[in-house]
Amino acid sequence: MGINILGITSLLFAIVNIILGVYVLLKDPRKSNNVVYALSVISIALWIVFTYLYNNPGSSSPKFWLKMVYIASYGMLLAQLLFAYFFPKRTKSKFYPFVIPIVLALIPSVYVLLIKDSVIDSVIHYPDTFLTIAKMGPDYWIYTLPNLLGIILIPIYYLNKSKTFTGYEKVQSRFFMIGVLAMMLPIVIIDYFIPILTGNTKYFILGPLFV
């Protein structure tokens, strides 16, 4: 059996995110920016860890870990919503028209994932290659709706909000938008579009590299 280079690398990314989140939070836990930053990077770290466990399940069920990956992706989405709302400061830009569609989309998504159990059809683990491949079920597209809405609505909200920024805050907002798009667009392609088109998740293992 070879060395799980991708897995080890992804876990290192998770550790870095956790350290950054804890460090920033402890600097001043009363600042809203510090809190939402910590929530954001720790939610990313959890998603990375669950993705690793999905591909390296040990004696546990890889299907269980895949569901945890999906739940963690919703955690990342909600954390990014909070970050976009608070960072670098709150403004008078209307937030609820952007967050309500995402929250409403979460209701059927959680239902088909956890109750109807129709998002994942089957899961096969290949321990020699540190890879798990799942065949998507008929309602996988419903699971993707909240995150796809987030990809569209969060940047629109933040662009409207950032029109009031000047100087350092404007620079910060641009870095935030570049970071979100650089992370989320590749993940949307390999975690959503490819599984919908091909029916499997063999490229999930690459997702943590984009954080």
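Author: What follows goes from the core to the strand pair, and then to the pocket and the cavities. The model is predicted.

Reader: Which residues of the largest nonpolar core touch the most other members?

Author: The core has 50 residues, and those touching the most other members are Leu66, Tyr70, Val119, Tyr140 and Phe176. As for where the members come from, at least two residues each are supplied by α2 (32-55), α3 (62-86), α4 (96-115), β2 (131-136), α5 (140-162) and α6 (167-198). Helix α3 gives the largest share, 12 residues.

Reader: What does valine 119 touch, leaving out residues up to four places away in sequence?

Author: With those left out, Val119 touches Tyr70, Val112, Leu113, Met136, Gly137, Asp139, Tyr140 and Tyr143. Two of these, Tyr70 and Tyr140, are also on the list of core residues that touch the most other members.

Reader: How many bridges join strand β1 to β2?

Author: There are six, and the two strands run antiparallel, with β1 covering residues 120-126. Within the pair, Ile124 is opposite Ile133 of β2. Four residues lie between the strands of this hairpin, where Phe130 has a positive phi near 55°.

Reader: Now the empty spaces. How is such space found?

Author: A probe the size of a water molecule is rolled over the atoms, and this shows where space is left empty. In this model, the largest pocket has a volume of about 270 Å³.

Reader: Which residues lie nearest the centre of the largest pocket?

Author: They are Tyr37, Ser40, Val41, Ile44 and Gln80, out of 14 residues in the lining. Helices α1 (5-27), α2, α3 and α6 each contribute at least two lining residues, and the largest share, five residues, is from α6. By class, 10 of the lining residues are nonpolar and four are polar, with no charged residues.

Reader: How many cavities of 30 Å³ or more does the structure hold?

Author: Three. The largest cavity has a volume of about 150 Å³. It is lined by 16 residues, with Leu77, Gln80, Asn147, Ile151 and Met184 closest to its centre.

Reader: What lines the second largest cavity?

Author: This cavity holds about 50 Å³ of space. Its lining is made of Asn4, Leu6, Gly7, Ser10, Thr51, Tyr52, Asn55, Asn56, Phe130, Ile205 and Pro208. At least two of the lining residues come from each of α1 and α2. Five lining residues are nonpolar and six are polar, and none is charged. Phe130, in this lining, is the hairpin residue with the positive phi.

Note on methods:
Residues numbered from 1 in each chain as written. Predicted model: local features only at pLDDT ≥ 70, side-chain atom pairs only at ≥ 80, totals over all residues. Heavy atoms only, no water. Core = buried A, V, L, I, M, F, W, Y, C linked by side-chain atoms within 4.5 Å. Buried < 20%, exposed > 50% of the residue type's maximum accessible area, 1.4 Å probe, protein only. Contact = heavy atoms within 4.5 Å. 1 Å grid on protein atoms, 1.4 Å probe; cavity = no way out; pocket = protein on both sides within 12 Å on 5 of 7 lines; lining within 4 Å. Points joined across faces, edges and corners; volume = space filled by probe spheres on them. Nonpolar A, V, L, I, M, F, W, Y, C, P; charged D, E, K, R; others polar. Pairing = 2+ DSSP bridges.
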